[in-house]
Amino acid sequence: MDIAILGYGTVGSGTVNVLTRNRELIAEDSGEVLRIKAILDLKDFPGDPYEERIVHQFEDIVNDPTIEVVAETMGGLHPAFEYVSKLLEAGKSVVTSNKDLVAAYGEQLLEIAAAHAVDFFYEASVGGGIPIMRMINECMIQERIYEIMAILNGTTNYILTEMEEEGASFEEALEDAQELGYAEQNPESDVEGMDPARKLAILSTHAFCVDVDWTQIERRGITHITPDDIAIAKAIDHHIKLVARSRMVGSRLFASVEPMLLPEDHKLAQIEDVYNSIMIKGNMLDDITVQGKGAGSLPTGSAVAADLIMAAINKKDHVTSTTYHEYAKVKPESFSSLGQTYMLRTDKSVSMPQEGIISGIQVDHIHAYFTKQLKSQELRDLIQQLEIRGVQVLSCLVMEQEDLSVNR
Ligand code: NDP
Ligand code: HSE
């Protein structure tokens, strides 16, 4: 079957690599021979084995009736949305790694795909090489999923690992992540938490069957994390991770993306480098955790290739696995409204007792205090109390706790 790729960058070239290097195995296992007929990109690639297949006009792909399945790996919202819509309307199945596109227009594109009896898959848009969408959609169809806790951004996990283990600066570690092809074109999306918020919204929509707007998810990134925070985390045998969490409680959705202090023995605390991990809780299977490389050319290309193969098999069999549901919109609420415990790093020592604070620690010149479970207003009041006493809070990190005092 003839296929095409839109965008020959990190993910596009990884996809081509996977399809080329594993061509025989794919043909043997799936019965499908995928021929890459065209690759759309803005640039030329002199000397590349696929140099002759590079095209610069989208029309060369959408108007070619022999091309039946297309991978969109360009990124961005426009023209990606227009291209994907036109391809689906032209009766071609489309797969994408572009979470910006899926988080903003996923529902609309699924509706178009279903109306034209073609597939729209986006396995690679969440968790890089981890086959999480198929796991939720197909392998957990019998489960009432009520909670997700995950590391969903490879760049920030790489940065935090480098800062913690190598003593690298934030800037150095980010530069490395960019060189390795992990970061977004605008890395603000990674380090300020927009990227994992988009992924959390995509996952939560599928897991909880509700329509989640990623922009309404409470979000904090890792730009304010300093070596002093990491020193405190080490002193208490914890790791700082950028955690994406969502929990359905009745018809209420709680969701957040923020750096958290996780105890050494927490499953997510062990996840290093570019790896992502996703813990899911369901009412029958209890909990399940998967992990794998969350970014990078070949792992992400592998997930795109899997979608291409599934879409090609469906095309050949004249079936589609894509279904469209109009889910009810829910407004994500903040976990802080439920009460959480915090680590507060301060500029000087706090004379005890202090209402709200349970204990403290000093590491060299660094002072940190641990709170009892506080709701958002109680936390604000405590910070204000400290300020009145001449103590400035330099950082405030949520600590992992099992019981958030809600009924499941
Ligand atoms: P890259 O920037 O490496 O690749 C995108 C390619 O598409 C570039 O060659 C770019 O050309 C080209 N391109 C951009 N716009 C157009 C256009 N209008 N017409 C034709 N070609 C175009 O990005 P990535 O491969 O890293 O990411 C692609 C998508 O996959 C993004 O949505 C990203 O979020 C997602 N993703 C990335 C992962 C990763 O590890 N990198 C992992 C999972 C998902 P030019 O360089 O000239 O702009
Ligand atoms: N920039 C993203 C990350 C790419 O680092 O996780 C994978 O979606």
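## Axes and angles

Helix axes are lines fitted to C-alpha atoms over the stretch in contact, and angles between them run from 0 to 180 degrees between N-to-C directions. The structure described here is a predicted model.

## Helices α6 and α10

Helix α6, spanning residues 132–139, crosses α10 at roughly 15°, and the two axes come within 9 Å. Angles under 35 degrees count as roughly parallel, and α6 and α10 are therefore roughly parallel to each other.

The crossing of α6 past α10 is left-handed. On the α6 side the contact is made by I132, M133, I136 and N137, and on the α10 side by I202, L203, H206 and A207.

## Helices α5 and α10

Helix α10 (residues 194–208) also packs with helix α5 (residues 99–115), at an angle of about 50° and with the axes 9 Å apart. Because of that angle, α5 is oblique to α10.

Here too the crossing is left-handed, with α5 passing α10. K99, D100, V102 and A103 of α5 meet D195, R198, K199 and I202 of α10.

## D190

D190 lies in helix α9, which covers residues 188–191. D190 is buried but has no salt bridge.

Leaving aside residues up to four places away in sequence, D190 touches N153, T155, T156, A183, E184, D195, P196 and L242.

Definitions and conventions:
Residues numbered from 1 in each chain as written. Chains lettered and ligands numbered in written order. Predicted model: local features only at pLDDT ≥ 70, side-chain atom pairs only at ≥ 80, totals over all residues. Heavy atoms only, no water. Helix = DSSP H or I, 4+ residues; strand = E, 2+ residues; numbered from the N terminus. Buried < 20%, exposed > 50% of the residue type's maximum accessible area, 1.4 Å probe, protein only. Lys, Arg positive; Asp, Glu negative; His and termini not counted. Salt bridge = Lys/Arg side-chain N within 4 Å of Asp/Glu carboxyl O. Contact = heavy atoms within 4.5 Å. Parallel < 35°, antiparallel > 145°, perpendicular 65-115°, else oblique. Left-handed = near helix turned anticlockwise from the far one by under 90°.
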